[in-house]
Amino acid sequence: MRSAQTVLFFILFFIRFRGLNDPHVAVHGSFSVMVNYHAIGLYCTSRSGFVLHDPQEEASLKVSVLVFTNQEDAVLATFQPSTMGHQSSPFYDLGRVQIHNWVGSDVERLSAARSLAFPNLCRAFSDSITSFGPNDFFVVQKSMKDDTERPTLKAIVALLKLSNWDPDVFYKFRDPILQQVSACTIKLRNDLCRNLPQLWRQHFMLDKNKDVAFEA
């Protein structure tokens, strides 16, 4: 029964997206493709799991958490959908919720109810993604690099701290660092130098043209 439900679930989504163009494949050393996180989240919830989505809409980097609990839960037994559907519906039941209702708000409510059993995960997602996530950092970094003619060393050190001393961020700002480090205060120079070993430990020599060791 479960395999039949899964097949039917994908047939419904195939019909909905039929006729659309093939997804664009971006090649950049590796490759990236467009992904429908909402559809994947619906599938995860249909398999007794739940999903956490970053609610930010204007973002080029999207982050979601999918949790497959691999167990039938008590939430579905007490869940009250806003629209139950008709008993004569040709679709299979998932507990008390009809599959054809899983494209509305009920599935989001069910997912949110299940997530309450994982409070630490939800708090970590809120702190690390929703409050200030990878896309927010990317915007700040890009703005400082492209829109500022010469960012100050103090601002660069603050950005490095925010990135947890990411070697790639250091390499992008190597020129303004080298231009200012000789004339900066001793305290600021110590703040920079004290964390260079951590920066180096996190460096993976994947690009032979990026000599982080020489710049550091």
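Q: Does Asp 191 count as buried, partly exposed or exposed?
A: The structure is a predicted model, in which local features need pLDDT of at least 70 and side-chain atom pairs count only at pLDDT 80 or more, while totals for chains, interfaces and linings use all residues. Residues are numbered from 1 along each chain as its sequence is written, and side-chain values use heavy atoms, with hydrogens and water left out. Buried means under 20% relative accessible area, exposed over 50%, and partly exposed in between, with a 1.4 Å probe and protein chains only. Because its relative accessibility is 30%, Asp 191 counts as partly exposed.

Q: Which residue forms a salt bridge with Asp 191?
A: A salt bridge is a side-chain nitrogen of Lys or Arg within 4 Å of a carboxyl oxygen of Asp or Glu. With the closest N and O atoms 2.8 Å apart, the residue paired with Asp 191 is Arg 194.

Q: Which backbone oxygen does the side chain of Asn 195 reach?
A: Asn 195 sits in the loop between helix 10 (186-194) and helix 11 (196-201), and it counts as buried because its relative accessibility is 17%. A polar contact is a pair of N or O atoms within 3.5 Å, where within protein one must be able to donate a hydrogen and the other to accept it, and residues adjacent in sequence count only if both atoms are side-chain atoms. At 2.8 Å, the side chain of Asn 195 reaches the backbone oxygen of Asp 191.

Q: How far apart are the closest N and O atoms of the salt bridge between Lys 142 and Asp 146?
A: Lys 142 and Asp 146 are separated by about one helical turn, because they are 4 residues apart in helix 6. Lys 142 counts as partly exposed at 42% relative accessibility, and Asp 146 likewise counts as partly exposed at 48%. Their closest N and O atoms are apart by 2.9 Å.

Methods
Helix = DSSP H or I, 4+ residues; strand = E, 2+ residues; numbered from the N terminus.
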